[in-house]
Amino acid sequence: MEDFNHKTHWETVYKNKDLKDVSWYQKIPKTSLSFIKYFELPKTAKIIDIGGGDSFLVDHLLDLGYKDITVLDISETALNKAKKRLGSDAKNIKWIVANIAHFKPTEKYDIWHDRATFHFLNKKEEINSYLDTIQHSITAGGALIIGAFSEDGPTKCSGIDITQYSKKSMNDIMKNHFEKEKCTYVDHNTPFDTTQKFVFCGFRKK
């Protein structure tokens with residue numbers, strides 16, 4: 001799919017569905033929060049949530065006292081929903097509307113969190129662009145946290161083909177610039193009483 005079609009697709013999804021009507025809904029993103037806490041970085045650490053949309057991760061990060069949070073999503077509609085939910089707290093967040101396949105950050109981050117965005121990159125050039133971006137945009141000793149559908153998980157999400165990963169394949173693709181800290185398989189229970197199997201990996205920038 002071309003960039004324009006990707007954006008149109010996700011704008012349509014977020015305009016027509018409430019948060020609880022999408023498979024990725026989590027009231028409490030326990031796995032993401034566990035990985036972020038694992039790295040024990042200070043509350044002043046710069047955090048970016050890739051494909052954050054209108055998820056609740058940003059709410060929990062604020063509650064935990066993190067001071068420098070950026071949320072990126074291809075859908076402006078999704079980010080506007082999050083802003084509305086956060087109310088006056090929204091002004092404390094940096095919001096970026098961008099396609100991660102072409103995103104070039106203007107600052108470096110101490111924690112790069114990506115739950116279920118990386119696996120949408122199927123073309124070699126998109127994956128290489130992402131890898132180049134994280135290599136140059138995460139601080140030395142910083143954390144890279146990625147959750148993607150595992151080899152036992154779905155092959156599509158929202159009608160779009162995804163790339164599945166295992167602990168090994170995730171490490172193989174990251175190992176040139178990142179040291180693996182831990183990887184785990186996670187079952188995500190959707191609002192529709194189905195289960196999606198994920199692999200979550202945490203890396204530290206060399």
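Trainee: How many bridges join strand β5 to β9, and in which sense do they run, parallel or antiparallel?

Mentor: Seven bridges join them, and the two strands run antiparallel. Please keep in mind that this is a predicted model. Strand β5 covers residues 138–149, and β9 covers residues 195–205.

Trainee: Which residue of β9 is the bridge partner of I146?

Mentor: The partner of I146 is C201 in β9.

Trainee: And what about β8 and β9, how many bridges do they have?

Mentor: Strand β8, residues 178–189, pairs with β9 over 11 bridges in the antiparallel sense. In that pairing, Y185 stands opposite V199 of β9.

Trainee: How many residues lie between β8 and β9 in the hairpin?

Mentor: Five residues lie between the two strands of the hairpin. In the turn, D193 has a positive phi of about 60°.

Trainee: How many residues of β9 are buried?

Mentor: Eight of the 11 residues in β9 are buried, and the strand is mostly covered.

Trainee: Now to β4. Why is β4 described as largely enclosed?

Mentor: Strand β4 spans residues 109–115, and seven of its seven residues are buried, so the rest of the structure largely encloses it.

Trainee: Moving on to α3, which of its residues are buried?

Mentor: They are L57, V58, D59 and L61. These buried residues pack against α2 (30–38), β1, β2 (68–73), α4 (76–86), β3 (93–97) and β4. Just after α3, G65 takes a positive phi of about 100°.

Trainee: Where is S55 found?

Mentor: S55 is in the loop between β1 (46–50) and α3 (57–64).

Trainee: Is S55 buried, exposed or partly exposed, and which residues is S55 in contact with?

Mentor: S55 has a relative accessibility of 26%, so it counts as partly exposed. Leaving aside neighbours within four places in sequence, S55 is in contact with D49 and R85. S55 and L19 are 36 residues apart in sequence, and their C-alpha atoms are 7.9 Å apart in space.

Trainee: Let us step back to the whole chain. How many helices and strands are there?

Mentor: The protein chain has six helices and nine strands. Its radius of gyration is 16 Å, close to the 17 Å that the globule rule gives for 206 residues, so the chain is as compact as a globular protein of that length. Along the principal axes, the C-alpha atoms fill a box of roughly 40 × 35 × 30 Å.

Trainee: Finally, what can be said of the surface and the charges?

Mentor: The chain exposes about 10000 Å², of which carbon and sulfur atoms supply 49%. There are 31 positive and 28 negative charges, and their mean positions are 3 Å apart.

Definitions and conventions. Residues numbered from 1 in each chain as written. Predicted model: local features only at pLDDT ≥ 70, side-chain atom pairs only at ≥ 80, totals over all residues. Heavy atoms only, no water. Buried < 20%, exposed > 50% of the residue type's maximum accessible area, 1.4 Å probe, protein only. Helix = DSSP H or I, 4+ residues; strand = E, 2+ residues; numbered from the N terminus. Pairing = 2+ DSSP bridges. Rg over C-alpha atoms; globule rule 2.2 N^0.38 Å. Areas by Shrake-Rupley, 256 points an atom, 1.4 Å probe, with all protein chains shown as cover. Lys, Arg positive; Asp, Glu negative; His and termini not counted. Charge placed at Lys NZ, Arg CZ, Asp CG, Glu CD. Contact = heavy atoms within 4.5 Å.
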